[in-house]
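Here are a few friendly notes to read alongside the model.

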Amino acid sequence: YGFINTCLKSLVVEKYGEETWEKLRLQAGVQDSFLTFEVYKDEITMQLVDKACKILGVPADTVLREFGEYFFEFCKRSGYDHMLRTLGGNLYEFIENLDALHSYLSLSYQAKTEALLLFVFPQEMNAPSFRVEKNEDGSMHLHYYSDRRGLCHIVPGIIGAAALDFFNIEISMEIVNQTEEEERTGKKEHIVFLVTQNPVFSYKGRSEFSCSSQYLADSEKQIENQLSKEDLEKAKNAIQDRGSSVCPVKRSHWKTIRGIITLGKGKLLRGFDPVYPKSLWIDTKTFCNGLPFHMVFDKELRVKQAGVSIQKIVPGLQTTGICLDHYFSIVHPEVPFTISSIQKFINSQFVFQTRREMMPESWKQRPMLELRGQMIWMEPLQCMLYLCSPLLRTLHELEERQMHIADIAPHDVTRDLILLNQQRLAEMELSNQLERKKEELRILSKHLEEEKKKTEALLYAMLPQHVANQLKEGKRVEAGEFKECTILFSDVVTFTNICAQCEPIQIVLMLNSMYLRFDRLTTVHDVYKVETIGDAYMVVGGVPVPVPTHAERVANFALGMIIAAKGVENPVSGNPIQIRVGIHTGPVLAGVVGEKMPRYCLFGDTVNIASRMESHGVPSKIHLSSSAYQCLKYKNFEMAERGEIEVKGKGKMHTYFLIRNKTATENEIMGRP
């Protein structure tokens with residue numbers, strides 16, 4: 001169930017972080033979240049455990065034990081601690097009633113059972129089973145049966161955490177036997193744990209313990225003064241008469257007295273001894289009507305007695321002496337239908353199912369009836385009493401078997417459970433739908449976030465990020481003045497002739513190949529691409545974010561452009577294309593122009609001069625204005641003087657050529673590793 005995988009995810013995230021969980025789930029090939037009521041394949045859990053061992057570098061038994069401890073705490077945080085605390089007053093009773101809890105959850109939640117303390121798997125998925133035996137030295141043998149191999153190390157983690165939390169005892173559990181189970185039908189792993197326990201006292205607990213011991217000692221003296229010798233003698237005789245057959249152990253003087261006196265507010269220190277009538281004051285007919293679903297059978301499984309309702313459903317039981325296993329099979333626990341097997345698992349709840357071939361014709365088209373109850377061995381009669389009720393979860397199941405509430409005894413809580421569970425299943429279905437919707441919303445939100453990132457990436461490719469954010473917020477973007485920046489223009493030599501001799505698609509492919517290379521270089525050298533018009537490519541350094549190294553960045557970018565252009569083929573000649581590059585440094589005004597398809601544009605004479613440097617440039621050369629030359633003069637660049645040239649609209653200008661970067665390699669210029 002999703003509850004298990006969610007718990008495992010929570011453990012990894014809480015202890016090792018989100019990154020470890022993401023790495024773990026990717027290697028295991030599983031989704032990020034799990035629905036509580038959804039049934040998932042065992043392989044998912046197994047894969048997660050296996051990958052956790054490899055990633056964390058710890059043995060499987062350590063991971064499983066840690067998971068067991070965390071699983072117990074996870075169940076408590078999920079609101080199940082109250083249910084677990086009521087299972088038993090000590091660890092023995094707690095473990096003894098685990099199978100009963102499994103059965104209840106299976107009945108209550110039907111196919112949507114919440115895993116809780118199903119110790120990793122619910123009943124519908126072949127839940128593990130537990131059987132506990134007390135030893136004379138106070139230790140216990142815990143028998144663990146499961147269809148799933150290799151998960152037994154979870155048990156010490158959960159049982160240990162429960163023992164410490166509920167009963168304030170530390171336990172140690174070691175495997176003393178591990179076999180393939182033969183007593184139960186089907187192939188089941190059978191692990192036997194030796195459980196030893198020691199009390200755990202806090203400092204406060206020790207003080208209370210010593211105080212209570214002193215209190216008892218003082219009380220003994222007071223009681224000795226209050227009770228006459230005659231009363232003490234009568235008490236001793238009464239206790240000895242009652243207890244001699246039950247516990248023939250020599251008792252001290254004061255242990256005998258404690259057996260009949262009351263200390264504190266009326267709390268008896270000795271156990272309760274019931275009183276039985278000399279004869280049973282109930283006739284057979286009343287018994288069979290009052291317990292309509294019960295059966296009595298002997299060692300040979302011959303039926304001696306049956307309740308009236310079970311007789312009505314299985315008429316064959318009206319024949320005294322028929323064999324019970326002819327009409328029923330044992331569904332849980334999975335043991336052979338023999339009296340010895342039943343006695344061995346007598347503390348378990350037994351589920352019987354009617355055999356279809358032995359049912360009346362009217363029943364053969366219906367689902368088979370299941371009975372659930374306890375076995376009681378009656379030693380004087382050498383017979384087994386099966387006190388049971390129909391195993392029905394909903395009104396629908398009741399109707400399928402054409403039964404009625406009236407068929408169940410008024411004192412049987414199954415009546416209330418069916419009605420209560422009907423409402424609970426409706427609530428759980430609603431909860432399940434809400435959980436699914438929540439998961440769908442989470443996935444949609446994740447996809448929306450991914451699409452948002454794509455949209456933002458596209459927007460940021462068109463506009464500077466701070467400008468784009470202002471536009472998204474509906475704000476007006478004011479134009480900004482930049483006192484110094486470096487602008488670059490480039491174009492393809494003989495581009496007009498190439499266009500005249502080629503198909504349009506060839507031109508598009510050539511420009512796309514060239515611009516992809518140039519775009520990558522803008523990222524390498526952190527310059528801003530302003531626009532492309534036809535074969536013209538324009539970038540700027542120091543805008544929209546002012547930086548003192550704007551000229552160096554643009555210069556290195558220009559050197560990279562010359563190298564990159566050699567990798568683009570001229571579709572006419574088949575040779576590498578040639579480009580002209582012009583660079584100028586000066587002030588500009590920058591702002592957003594237009595509302596539809598807004599563009600971040602640069603204005604000022606600096607733009608015009610940079611364009612003139614490109615148009616008056618030389619193929620495969622980088623043409624510099626004097627202001628750009630001054631910015632690069634002492635920056636480890638090799639430059640050559642071109643001299644004075646006539647520039648359209650500007651008159652005579654002294655210009656230069658950029659040759660190379662003296663300190664950077666070609667790989668560094670191109671951003672290669």
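1. Asparagine 636 sits in the loop between α22 (626–632) and β19 (637–647); helices (H or I, at least four residues) and strands (E, at least two) are DSSP runs, numbered from the N terminus. Its phi is near 65 degrees, a positive value in a residue other than glycine. With a relative accessible area of 46%, asparagine 636 is partly exposed; buried means under 20% relative accessible area, exposed over 50%, and partly exposed in between (1.4 Å probe, protein chains only).

2. A word on the source: this is a predicted model, in which local features need pLDDT of at least 70, side-chain atom pairs count only at pLDDT 80 or more, and totals for chains, interfaces and linings use all residues. Residues are numbered from 1 along each chain as its sequence is written, and side-chain values use heavy atoms, with hydrogens and water left out.

3. Glutamine 382 is not a glycine, yet has a positive phi of about 55 degrees. You will find glutamine 382 in the loop between β11 (370–378) and β12 (383–390), and it counts as partly exposed at 27% relative accessibility.

4. Do look at the peptide bond from histidine 332 to proline 333, which is cis with omega near -10 degrees. Proline 333 belongs to the loop between β9 (328–332) and α14 (339–344).

5. Valine 543 and proline 544 are also joined by a cis peptide bond, with omega about 0 degrees. Proline 544 is in the loop between β15 (536–541) and α20.

6. Which residues make up helix α20? The helix covers residues 550–565, and 14 of its 16 residues are buried.

Note on methods:
The expected span of a helix is 1.5 Å times one less than its number of residues.
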